[in-house]
Structures are given as structure tokens and as C-alpha cells.
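Here is a friendly tour of the pockets and the core of this protein. Have the model open as you read.

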Amino acid sequence: MEKYVAAIDQGTTSTRFILFNQQGKIVAVDQREHQQIYPQPGWVEHDALEIWQRTLEVIHAALTNSGVLPTQISALGITNQRETAVVWEKATGKPVYPAIVWQDMRTDKICNQLAEDGGIDRFRSKTGLPLATYFSGPKIKWILDNVPGVRARAESGEIMFGNIDSWIIWNLTGGVQGGVHVTDVTNASRTLCMNLVTLDWDEDILAVLGIPKAMLPTIQSSSQVYGGVRVGPLAGVPVAGDLGDQQAALFGQTCYEPGEAKNTYGTGCFMLLNTGEQIVQSKNGLLTTLGYKIGSQPAVYALEGSIAIAGALVQWLRDNLGIIQSSADVETLAKSVGDSGGIYFVPAFSGLYAPYWRSDARGAIVGLTRFINKAHLARATLEATAYQTREVLDAMNKDSGVSLTALKVDGGMVFNDSLMQFQADILGVPVIRPTVAETTALGAAYAAGLAVGVWKQLDDLRANWGQDMVWQPQMEEDQRTRLYAGWKKAVTRTFDWVE
């Protein structure tokens, strides 16, 4: 009987369950969206109970539709939207407050107050991260400060925190009936509370943030058996892999050597460069983060360029402006014009992430004339992702001292051929799409499979990687330089908007 490895991919807008065979090919998949909640400008929330419900639904549907039996599944890996914070009651499993999503900006004041002593890089030497609304730590502090009674209960051990990975694993492994409260090094490295050297919670930072250590999950490696599933159709399957979504994509893209990089085009856009066992502190606005840790092997680190808005900008055209009916329509509309008509769309909806880290920035469309129509806007929407990626790549080349020769890409937007061609053009390097573009889920499955012996070593995973499509740069150098200079000018127009 054939054996499979499963992955739960819990993303910003939807949850997926995917079954892979030993060749790393998809056998079954199911996906469900969950609600995006915007209580006020700059705030973004999810209902953690709805996400858990969607998780159970996609598992059930994929198994039913494929006819695969739970006994054929060797292990389960989890990957997740990373900095989204859930705080819940140990006794009931009920969240004390909605999940605060990574894009949420309500912790701006907290971050500014923390930066008064030591600046934006106050914790960077220990965590690799600037003080920013993006990370979970300030979100935990906000909940403890603003939800009555929670701080006292957290100190007495009645309250638990987790990024979404911890929330899903705790529920899968029994929840109130003794669920396992763990996270892995990659997710922990996104809280602003984990020390990159010790790979444990940093007592000094926790004291500054006022976060009781009792509420935090135990930090484990990305590939080991955390516990068995005790709920739903997967009961008895070992939960054996846990990686934040971008690190999972790095792992699924088999970027196992220092200098190998991938870019994932999802709600946001995230480029990661493997730096091996070396912690490289960025001088150019990137994040130093954990790449992965396999069992008892040494941790592998990475540099990351995080872009808040990529695919989300296409959704905005669809949902807020009604310019397109479905996200797929953006390419057809964009291709109906030869260029963007001289406009640039800087999507600083959540401020600017890498390499600027400007929470005072807001979105702007610049260069508008009477000539511009919705097709130019669609084109500028796609081009924004490519320009932002170029900024991150420039920063990576400076930090690492290694010039990237090709970029491996994955995520929902990589099937947009015009975007991928423009990406190659504006970078001046080839862009490569693998045969399995669902590398986030694949990375989580690989980590779980390694832990239980489905795959023995990294070379087994490399052998599964296949190239589907390559886009070569076709743009003249002077045009590339001119377009990119225009983008850099447009970005400065978004600064200092919020007083």
C-alpha cells in the first residue's frame, strides 16, 4: 500500500491540506478561505476558531475525495502565516481575543515607545529583527495590556500564546485534553522574543515586553515528532514537521546550500537567502531569521526580505475597487497595454517593510495623467511586486556579498507569465519556476517525512526538485535603470504620511 506525507498550509487568506507521495508530487488537495476582519483602519484580525474549523474541513474533504486512508499517511507537517498571534485559555481552548494578523498595525505606539530606549534596532543583535508592528511580541503585549484580566491569568499559567502553528498543533494533539504546546525555531524567530544564538526565549526581552514565559510554547526543531494527532480523521498520525510558511518554501525549494535563494509570491512577497550556520546581521534593512533546523543538527540561518503587499494588491483591485472579477483577470487586463503609462503604484497599505521599515508610509499611485485607464493600473499593480523584489535583491547582494545568479520562485502569482517576465527583466537574472509550485506545503511535508524516515537525507529531496519554466531577462539595461529609478522616486513620496 502506497504511503503519503501530509501538510496543513495555514495561510493568511485560506487553509489548505495537501497530500504528497514520496516523489514530492501532489496526490490530493483541498482549500477553504476564512474571513478577513478589519475592525478599524490599520487593524487586521482572524477568528482562530474559524481557522481551526477550516483545518478540520480541508483534511476531511481531501481524504474523502482522494480515497486515501489515514493509515497510509506516515506523518503530518504544519506550515503557517507566521507572525499572527493567538492567545487562548488553556482550560477551554477559547481565544481571549481575535487573532491579530501579521499585517496589523495597532502596535505602532508600543514599538515607538520601545524604540525610545535604543532605537528601532534595540533587540536586533539578539533577534535579527527591528522593532516593527509585523512581529508577534508587541501583539502579545497589546493583548495583555488591553484585554481585562488576561495578564494576571497569563502569569498564573492559565493562558497560552502561539503563532498559528502552535494553535493548530495544540488542537490537533488533543487541545484541552493535554494538547502539546510547541513551536519551532523558524516561527519562534518571528516573535521578537527568541535569541538567535541560544534558540530559546530571551528572558531580558520578555521582561521589557512584560510577557510571562509561562504562556509561551516550548521551542523545538523544525523536523521531529511533537506528538500524535488525537482529533479528527488523522487520529494516530504523528505531527512531525513545523515551519513558518516562508522557511517552509525555502526548504521545499531545496535551497540547502549557502547562497541559494527563493522568492514566494503570496499575500505578501518574501525572499529568503540561505546563509548556512552563520548568523548574518543585515546592514541593509533585511531580517536575520532561522531558515530551518532538522532534528539535532545545527540550525541553518537565512536573510529575509519581507514585502507586506503583493498578491493582496490584486485582491484589493478585485474587492475594494471592483476593477476585476477574479484575481486571474488581472493578467489579461494588464496585457492589454504595452506598459504602465508612466505610473507607479506603491502599496504601502501597512507601511513599508524591507528594506525601509517605515510604518509612517501609506500607499500611493503616482504619475497619473488623463491618459491612464484601468489596464495601466492593473499593470502597475503587477509591476509593484517586481520592483519591491528588486529592492530586496539589491539589499541581499549587499549584505551577503554574493550576487544572486538566478531566482527560484513559487506561490500563487508565479503562474502570471507577464509578471514573471517583468520580474526577470527588472532583476536582470533568470527566474525559475519548479514543477511543484506549492513549495510551502511541500517543505512542511519534507520536514515531517524526514523526521519519520520517509526520506533519509536532503539529497533525496533534491532529487525530487524539477524545473518547470525559466524566464530570461529581455530588457535593455538603460530601460531597466530608468524604470527602477522612477520606482525609487515613487517610494519616497509615501514617506512621512502618518504624523
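## Pockets

On a 1 Å grid over the protein atoms alone, a pocket is an open set of points with protein on both sides within 12 Å along at least five of seven lines, and its lining residues have an atom within 4 Å of a point. This is a predicted model, where local features need pLDDT of at least 70, side-chain atom pairs count only at pLDDT 80 or more, and totals for chains, interfaces and linings use all residues. Residues are numbered from 1 along each chain as its sequence is written, and side-chain values use heavy atoms, with hydrogens and water left out.

The largest pocket has 40 lining residues, and Thr-13, Tyr-265, Gly-266, Thr-267 and Gly-412 lie nearest its centre.

## Nonpolar cores

A nonpolar core is a set of buried (under 20% relative accessible area, 1.4 Å probe, protein chains only) Ala, Val, Leu, Ile, Met, Phe, Trp, Tyr and Cys residues joined through side-chain atoms within 4.5 Å. The largest has 143 residues, and Tyr-134, Ile-211, Met-215, Phe-251 and Tyr-265 have the most contacts (heavy atoms within 4.5 Å) inside it. Helix α12 is the top contributor to this core, with 12 residues. Another core lies apart from it, with 33 residues that include Val-86 and Met-160.

Technical notes. Buried means under 20% relative accessible area, exposed over 50%, partly exposed in between (1.4 Å probe, protein chains only). Helices (H or I, at least four residues) and strands (E, at least two) are DSSP runs, numbered from the N terminus. On a 1 Å grid over the protein atoms alone, a cavity is a set of points where a 1.4 Å probe fits but cannot get out, and a pocket is an open set with protein on both sides within 12 Å along at least five of seven lines; lining residues have an atom within 4 Å of a point.
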